[in-house]
Amino acid sequence: MIFHPQDYHGQNINSFSTPEGKLDPNNHNLADFENHTPTLITHQEFTPIIFSSSYHQAKSRHNSQSTLVINNLPADIIRTFLTNLHQQSHSKYQLEILPLAISVNNRLVVQSTLVRGYEDGLNPVDLENWQIPYEVVLQALDIQTSQLPDGQLELRSAHFILGINPKELTLDPELGRVLKIKDIQELFDVVVKFDINSYTLLIQAPWLDQTPSQITRKKPEIITLDGLPKVKSPLFSFSHLLHAIQFNSSHNHTIQSSASFQAIGTAFQGEWSLGVQQGNILENPKFQINSFQWVNSDAHQDYIVGQQQTLWPRTFFQQYWGVSLVQRHGYTLSPTQSTNIEQRNQATDVKRTIQGKAEPGTFVVLRPQSDTKNILGQILVDETGIYRFPNVSSGVFVIEKYPRRRLTAQPQVKVINLAFTPGQLSSGTSSSVFSAGWLYQPPFPQSSQIIGNFSNFQAGIKKKWGVSESLTLGIGAFYHGNINAIGEVFFHPQNLPLSVYLSANTQDRIKYPSNRGSNIYTRIKYRISNNTQINLNGDLYSQTLNFNHQLNLNQSTTMQLFSNIQNTGTGSLQISLRQNDDNFNTQISLDKNQNLNFNNTLNLAKAYKNFIFTFRTNLSGIDAEIKYNLPKANTGVATNQIALRYQGYQKNYDILTNPIPQFQRNFLELSWQYAQKNGLQWRIGAGLSNDGSGINATFAIPMLSGLNLSARYQSISQFSHGSSFQIQINSSFNLQQGFRTINQKLATQGLFIQPFLDQNSNHKLDHGDEIITEDLREHTRTHPRIGKSNSSR
């Protein structure tokens, strides 16, 4: 291709700028350049500079040439001139609507779409500012979008997650919301080019060829109770009766009997339970009340009447019967029949906030360590560099930080253990407890009393506040002969593996007048690592320091070190080695007289074909057994074994110092053990000891659902040679809709559940419908909203 200045339609060569300044006749004589040797510039070098229509005309006239020949002027001056000419010609262009295709990683993903851009016939002009419809970009890169609560748009793919402000998107009157190519390259880390021959926008996304991290969110199980019939209990009901009768005979062949029963029902929207001892039913049957509870429990409060725990320190072993009210503010517990006031006065979970720092643009994921395929939270760190996950339940979690929002990158991983001190409350929540009652002494078996004796009135009140996520404070007072104050501190900082419980009361000032202060009890735990923990427990009179370390030698072998040091000058060191079901334990203790004592325990259980070998040893001697598994007749058989067992007794026996001792007492027994899954089982054996030989046998027979018979006969053991037997009958009856036996597992609350196969699908138990009596847990499930028998669905 031959270039002449006149190809540019009269452009005055004297008026354009060069790196040396403006070229004019005063500085450069054009005639001086006419003697210059022609300079060659390749067409490849020339093409990216010249895009004007003048060049097209020149190209058409000299299309047989592949080289540009510039006469009369130096090449560097011509290059400068042509560059300026290119900029002047393109400064007047306007973006226009263009139809084109889009390919990603050499794969056509959009066959045709409209964009706003400009090209001069050879190349794109100002490609970075081309505008591509927002929805088309999402389609091409397989990106899902959703709107966040703060109005931001979340863009999510299998490889990255990012957020953008929809107000920052450009709105084109014809294309709608658009993204500029330079923004596409920056946001999605891609390279965009334009091929004018195929009229295709070429996108290269290297991250598409990488394996992304698994980011999935488990959907919570939703149980819908709407529309189900609501069952209300009557004002009073007597629903279940659990009865136990026992007959015993010892060496003198005297038969003794005892019986007891427990009645269960509902009353005044609560559940009641009554325990009665009947004494010797063969000679003098009685009716003596041993226990009674009535509990009305819901998510926010509990009413407890009868036998229960106290909310103040106990210095007695008698039962406490009283009336208590527990109220929870800001948190809930599942309804229960528990009468442990302290358990109902504390949260089962303390919510925390996980907070940290990361570079802006980092994608942070919160996962439970036990289920790393699930996510609990995710956040894209903004310009503040802070991420927060509020209201996280207690447990062990994993924080993953993906730089630049790329899920294909190797994340930074941090393990966080959110533990709490038992009794601690979540920040902003509180609880209140009031209790009043008397000590109760049940009737003595020899007496004829029905109800025992009440004495020593007691009462107390306590309030707890969750001051912060790390601190809970409690204060109260109680009356136990005198008025006493009590205070509690629960402290568990989030960033430290420290747990502190401190309780102080003035009760010992009454018991010990010389003590001017308060009785203080502390419980401090510090977890040095996941396998090492230090515990300090004590009060004003005694303290104990424990050190516990667990060493994982391999997947099946662990070693545990446990030391105990007391301020009395005593202590112990215990080393345990466990491999699967086998374990070895050695304990070295120091008594008050500064004497060392050793205690070694070995427990081995090995299986070889149909044989199972078990060996145990401790301070009392050894216990070795070999079992052989017999063939099982059917799948209903759980156990069918022949067992040979040896027991040897020697006081203060140590296998390390005396591996082959002469035992003082010996016992050898050969037995047959058989058990079915429905509860039928027996064990029959013949034994030999220092005192002679004999037969031992045990039986358990499920006669009916809710009626079980068990018996035991023994004539020989390691330490005795006399016959004795025991017979026990356990029965469970349901008193709803008649009198029938019932599985004892279902007789724990006042709501009777009877699964059955509904043959005609009429939702009623008809004659001929099969009643399900086995594996009841597989057919029943308790929802958190179902817990009170007086109002269940």
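Just after α6, Asp189 takes a positive phi of about 55°. The model is predicted: local features need pLDDT of at least 70, side-chain atom pairs count only at pLDDT 80 or more, and totals for chains, interfaces and linings use all residues. Residues are numbered from 1 along each chain as its sequence is written, and side-chain values use heavy atoms, with hydrogens and water left out. Helices (H or I, at least four residues) and strands (E, at least two) are DSSP runs, numbered from the N terminus.

Within α6, Ile181, Ile184 and Phe188 are buried. Buried means under 20% relative accessible area, exposed over 50%, and partly exposed in between (1.4 Å probe, protein chains only). The three residues lie on the same side of α6, because they cover an arc of only 55° around the axis. The arc is taken from the directions from the helix axis to the C-beta atoms. An α-helix has 3.6 residues a turn, so residues three or four places apart point the same way.

Ile181 and Ile184 also line the largest cavity. A cavity is a set of points on a 1 Å grid over the protein atoms alone where a 1.4 Å probe fits but cannot get out; lining residues have an atom within 4 Å of a point. Grid points are joined across faces, edges and corners, and a volume is the space filled by probe spheres set on the points. Four cavities of 30 Å³ or more were counted. The largest has a volume of about 50 Å³. Its lining comprises 11 nonpolar residues, with no polar and no charged ones. Nonpolar covers Ala, Val, Leu, Ile, Met, Phe, Trp, Tyr, Cys and Pro; charged covers Asp, Glu, Lys and Arg; the others, Gly among them, are polar. α5 (134–140), α6 (181–188) and β15 (200–204) each supply at least two lining residues. The largest share, three residues, comes from α5.

Ser249 lies in strand β17 (residues 236–249). Its relative accessibility is 8%, so Ser249 counts as buried. Beyond neighbours within four places in sequence, Ser249 is in contact (heavy atoms within 4.5 Å) with Thr254, Ile255, Ser724 and Phe725. His492 lies in the loop between β32 (483–491) and β33 (498–505). His492 is buried, at 6% relative accessible area.

Aromatic pairs number 22. Rings of Phe, Tyr and Trp (its six-membered ring) pair if their centres lie within 6.5 Å; planes under 30 degrees apart count as stacked, over 60 as edge-to-face and the rest as tilted. Trp672 and Tyr674 have ring centres 6.3 Å apart and planes at 55°, so the pair is tilted. Trp672 is partly exposed at 33%, whereas Tyr674 is buried at 12%.

Conventions. 1 Å grid on protein atoms, 1.4 Å probe; cavity = no way out; pocket = protein on both sides within 12 Å on 5 of 7 lines; lining within 4 Å.
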